[in-house]
Each structure stands twice: as structure tokens, then as C-alpha cells.
Amino acid sequence: MTTPHAAAEPTTATAAATVATPEAAGGLGGGRSRRTALAPVALVVASGVSVQFGSAVAVMLMPRAGAAGVVTLRLLAAALVLLILCRPKVRGYRRADWGTVVAFGVAMAGMNGLFYQAVDRIPLGTAVTLEVLGPLALSVLASRRLVNVVWAGLALAGVALLSGGAGFGSLDVAGAAYAVGAGACWAVYILFSARTGRRFPQADGLALAMAVAAVLSLPLGAIQSGSQLLVPSTIGLGAAVAILSSVLPYTLELLALRRLPAPTFAILMSLEPAIAATAGFLILHQALSGTDALAIALVIGASMGAVRSQVR
């Protein structure tokens, strides 16, 4: 699954200026400069690893608590941690501000709920590949450049390969639909993440939206899992999922975005399907065929191409 990526918009101009004025090349300064440039990239990659391995742990927890139960545990634990750390103010905001944060929370709940329903039915790498089509579509529509039609076609070719060239006949249809729906929610999440970042300081908006998402997910989790949500070992694993898939990635991304231009960040996030496939193989023993690997590579390439075309 996806992570709640930094709600506050990155100061792209500051980040770009930082990258444009590295330490003088050569000698120790050059080595230090290279390490400085690579550090935020490493943070983003570490964030992706944390998210996807957290998703793999979530899949392992599903036989105990069900997909809806795992979502509830993850969102509740993440909301609790963020509310304690951020201590967001609740006064002084307009109705439009609260409308934005509620919409952000609804998108977050939908993104998580649909994605976990997907990974309960189809391999993790496949689910993330289908999910990333949402942000890709948003990128294509936002740029309105003809070249992005090529990138969209490349992504669709990857999806066709994933489905064996026969629609979604070779995949669980419901699982594939859930993953695509999660991608649509991810695109909405991105839009409201930016708006929330403009209206709320630091991570206050994210913490409040996470609380909204947790409240929305609670009834479904309680209906599906009932008393299983109160078993200490289940709560512990749910907290681990929350830390791996929400709290830790958010922290790493926030640190990275202080020194990394937003387009570069978006390109690195496009690697998540490959990381997810690796996590699925190592943790869940979900092997991918050569065709599946090619399909994932096509979607990653399309995402990178679409992002690059936006900044030219």
C-alpha cells in the first residue's frame, strides 16, 4: 500500500536551490557533495521499502483480522501516534478548512480500504502496479501534453500484460478492481494532500485526516473482525503495520522533501511496484513470471516518463 505522503507541499524552490548549489566538486568536498545528494534519495527508497514490507506484514495479519480489520488497526495506531506527536490545534479554522481535511481523510480511508481488499486477493506487486495507475492518470491529465499519451499507452500495455492480454481474466476480477479503485483514491488523496498542506501547518492536517480515516474505518473493521481487534498479539502486529506503512515512511519522506525537488521525489515513488514485488516474493513467497516483471517495468517506465515530461 501506499503511504500518507507528506501533506505539506514541499518547498520546491528551496530544494531546487539546494541542489543547484552543491559543495565544490573534487577532493573531500566532492565526495561530501555526492553523499549529500544521495542521502535524500536513500530516504525515499527506504520509505518505499518500509511501506511495501509493511503491506506484506499486513497480508500476513489478514487471516487473523481480515482486510477491514487490518485497515482499522493500521489507521487507528497511525492516527494515535500522529496526534500525540503533532498535537494539532482544532480552533481557528474555517468551515472550508475542515471540509478539506475531512475530504483528505475520506480519500485516505478509501485508498487504504480498497488496497487492502486488493492484496487480500491478488499478489502485492500486481496490486501496487495497478494502484499506481491513479497517480499516473493524474499526472497525464494535469500536464495536457501530447507526449503523455505515449506514457499512458505504455502503462496500459503493462496492465494488458499483467492480465494475460485477456482483460483481467487471469487475475481475480474483484482484486484488480479494488486495486484500480485504490489508485483513483490515491489520485484524490494527492489533490487534497496539497490543499490540506496549504491550510494546516506542518503535519497537523495529516494527523487530523488520519483520525478521520480511522473513525470511518472503525465500523467496518469491528463488523468483520469483532473481538479479534482486541487480541494483544493482533494489536501488536497492527501497530507494526502502522509504523512501517505510515509513521516511518511519512517521517522519511518529510526529511527527504526538504532537500529533494518534488519531481525527483515523484519519479522515485514510481519504483514502488518493483519494491512491492520484491516484498511479496521475500515475505509472502509470491513469485512473478517474466511477463509480470515486464509489465511492472512498463508501468514504472510510464510513470517516470510522465513525471519527467511535466518538468520540461
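The exercises below, each with a worked solution, concern a predicted model.

**Exercise 1. Determine which residues the salt bridges join, and how exposed each of these residues is.**

Begin with the search of the whole structure, which finds two salt bridges. In one of them Arg94 pairs with Asp97, with 3.8 Å between the closest N and O atoms, a distance that falls within the 4 Å cut-off. In the other, Asp97 pairs with Arg199, and here the closest N and O atoms are 2.6 Å apart. This second pair links distant parts of the chain, since Asp97 belongs to helix 3 (residues 95-119) and Arg199 to helix 7, 102 residues apart. Through shared partners, the salt bridges join Arg94, Asp97 and Arg199 into one network.

Next, take the accessibilities in turn. Arg94 has a relative accessible area of 57% and is therefore exposed, whereas Asp97, at 5%, counts as buried. Arg199, with 32%, is partly exposed.

**Exercise 2. Locate the largest cavity and describe its lining by residue, element and class.**

The search of the whole structure gives one cavity of 30 Å³ or more, and the largest cavity holds about 40 Å³ of space. Its lining consists of Val44, Val45, Gly48, Leu268, Met269, Leu271, Glu272 and Ile275. The elements that contribute two or more residues to this lining are helix 2 (27-86), helix 10 (262-269) and helix 11, and the largest share, three residues, comes from helix 2. Sorted by class, the lining has six nonpolar residues, one polar residue and one charged residue.

**Exercise 3. Identify the residues of the nonpolar surface patch and the helix that gives the most to it.**

The patch covers about 390 Å² and is made by Met60, Phe281, Leu282 and Ile283. Helix 11 (residues 272-284) gives the most, with three residues. Ile283 lies in this helix, and its relative accessibility of 32% means that Ile283 counts as partly exposed; the value also passes the cut-off of over 30% used for patch residues.

Technical notes. Residues are numbered from 1 along each chain as its sequence is written. This is a predicted model: local features need pLDDT of at least 70, side-chain atom pairs count only at pLDDT 80 or more; totals for chains, interfaces and linings use all residues. Side-chain values use heavy atoms; hydrogens and water are left out. Patches are made of residues with over 30% relative accessible area and no salt bridge: like charges are joined within 9 Å, nonpolar side chains (Val, Leu, Ile, Met, Phe, Trp, Tyr) within 5 Å. Accessible areas come from the Shrake-Rupley method with a 1.4 Å probe; for residues, only the protein chains shown count as cover. A salt bridge is a side-chain nitrogen of Lys or Arg within 4 Å of a carboxyl oxygen of Asp or Glu. Helices (H or I, at least four residues) and strands (E, at least two) are DSSP runs, numbered from the N terminus. Buried means under 20% relative accessible area, exposed over 50%, partly exposed in between (1.4 Å probe, protein chains only). On a 1 Å grid over the protein atoms alone, a cavity is a set of points where a 1.4 Å probe fits but cannot get out, and a pocket is an open set with protein on both sides within 12 Å along at least five of seven lines; lining residues have an atom within 4 Å of a point. Grid points are joined across faces, edges and corners, and a volume is the space filled by probe spheres set on the points. Ala, Val, Leu, Ile, Met, Phe, Trp, Tyr, Cys and Pro count as nonpolar, Asp, Glu, Lys and Arg as charged, and the others, Gly among them, as polar.
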